[in-house]
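Trainee: Could you pick one part of this protein and take me through it slowly? I'd like to see how one spot connects to what surrounds it.

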Amino acid sequence: PYTVPFTGRTDVALSCALPDGQIALADFNSLILYHPGSKKFSKVALPGKPAKIRHLSTGPDGLVYVEAGGRVYRYLKNGTFQFVWEMLPGNAIERMVLGFLIDNTGAMWIGTNANGLYKVNLKTLPLSASPYQVNFHSDVLKMISGFDGVKPPGWANNRWSYLFRYHYMQS
């Protein structure tokens, strides 16, 4: 018989298997790993503000992905967590993740209560975003060294800029 070091603060039993035979279990804000070779448990807390782990999944890279409080982390082989993605700001109902899956292509699917379905390609990490300021072209040029003061001529409003962006994104 084994005694799993649960804190008693969790109300769901989440687990997944790793390719090396370890078993990962969720306990409120921590990941508990069972090591079959040594028959021992280890426990690692998520970084940042404590949040209840609601979803666990093993990715095609063999790593465990954890969702807690609208944030996704992956547990690395060196025993640490790496931040992967965060839900858009909003109220708790909108940010609630109801479905979480990582498919065999490396796409992470996140279904929410009110914000829709997100598909994140894990091969493109790290993701970056920047706030809208002027228009698509001006905003992109500001991020490129040497172009930060350049403004596309005649595109003071965003209509033409974002029409171009639509065609750019389709290619």
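**Starting from Leu 125**

Mentor: Leaving out residues up to four places away in sequence, Leu 125 touches Arg 74, Val 84 and Val 120. A contact here means heavy atoms within 4.5 Å. Leu 125 itself is in the loop between strand S11 (117-121) and helix H2. Those labels come from DSSP runs, numbered from the N terminus: H or I for helices with at least four residues, E for strands with at least two.

Before we go on, a word on what you're looking at. This is a predicted model, in which local features need pLDDT of at least 70 and side-chain atom pairs count only at pLDDT 80 or more, while totals for chains, interfaces and linings use all residues. Residues are numbered from 1 along each chain as its sequence is written, and side-chain values use heavy atoms, with hydrogens and water left out.

Now for the sheet. Four strands make an open sheet in the order S5-S6-S7-S8, with antiparallel pairing. Strands S5 (53-58) and S8 (81-86) are the edges, each pairing on one side only. Neighbouring strands of this sheet are turned by 25 degrees against each other on average, ignoring direction. For that angle, axes are lines fitted to C-alpha atoms (for helices, over the stretch in contact), and angles run from 0 to 180 degrees between N-to-C directions. To count as paired, two strands need at least two bridges found by DSSP.

S5 pairs with strand S6 (residues 64-68) in the antiparallel sense over 5 bridges. Within that pairing, Leu 56 stands opposite Val 66 in S6. The two strands form a hairpin with 5 residues between them, and Gly 62 in the turn has a positive phi of about 85 degrees. As you trace a strand, keep one rule in mind: in a regular strand the side chains alternate between the two faces of the sheet.

Next, the other end of the sheet. Thr 80 is in the loop between S7 and S8, and it touches Arg 74 and Tyr 75, not counting residues up to four places away in sequence. Recall that Arg 74 is also on Leu 125's contact list. Thr 80 is partly exposed, at 37% relative accessible area. The cut-offs are these: buried is under 20% relative accessible area, exposed is over 50%, and partly exposed is in between (1.4 Å probe, protein chains only). Along the chain, Thr 80 and Ala 45 are 35 residues apart, and their C-alpha atoms are separated by 9.1 Å.

Glu 86 and Arg 71 meet in a salt bridge (3.3 Å, N to O). Glu 86 lies in S8 and Arg 71 in S7 (residues 71-75), so the pair ties together parts that are 15 residues apart in sequence. Both ends are partly exposed: Glu 86 at 35% relative accessibility, and Arg 71 at 28%. A salt bridge means a side-chain nitrogen of Lys or Arg within 4 Å of a carboxyl oxygen of Asp or Glu.

The structure holds 2 salt bridges, and here's the other: Asp 27 with Lys 43, at 2.9 Å, N to O. Asp 27 lies in strand S2 (residues 23-27) and Lys 43 in strand S4 (residues 40-45), so this pair ties together parts that are 16 residues apart in sequence.

Finally, zoom out. The protein has 3 helices and 11 strands, following the pattern β-β-β-β-β-β-β-β-α-β-β-β-α-α along the sequence. Of its 171 residues, 36% count as buried. Among contacts between residues at least 6 apart in sequence, 34% join residues at least 24 apart.
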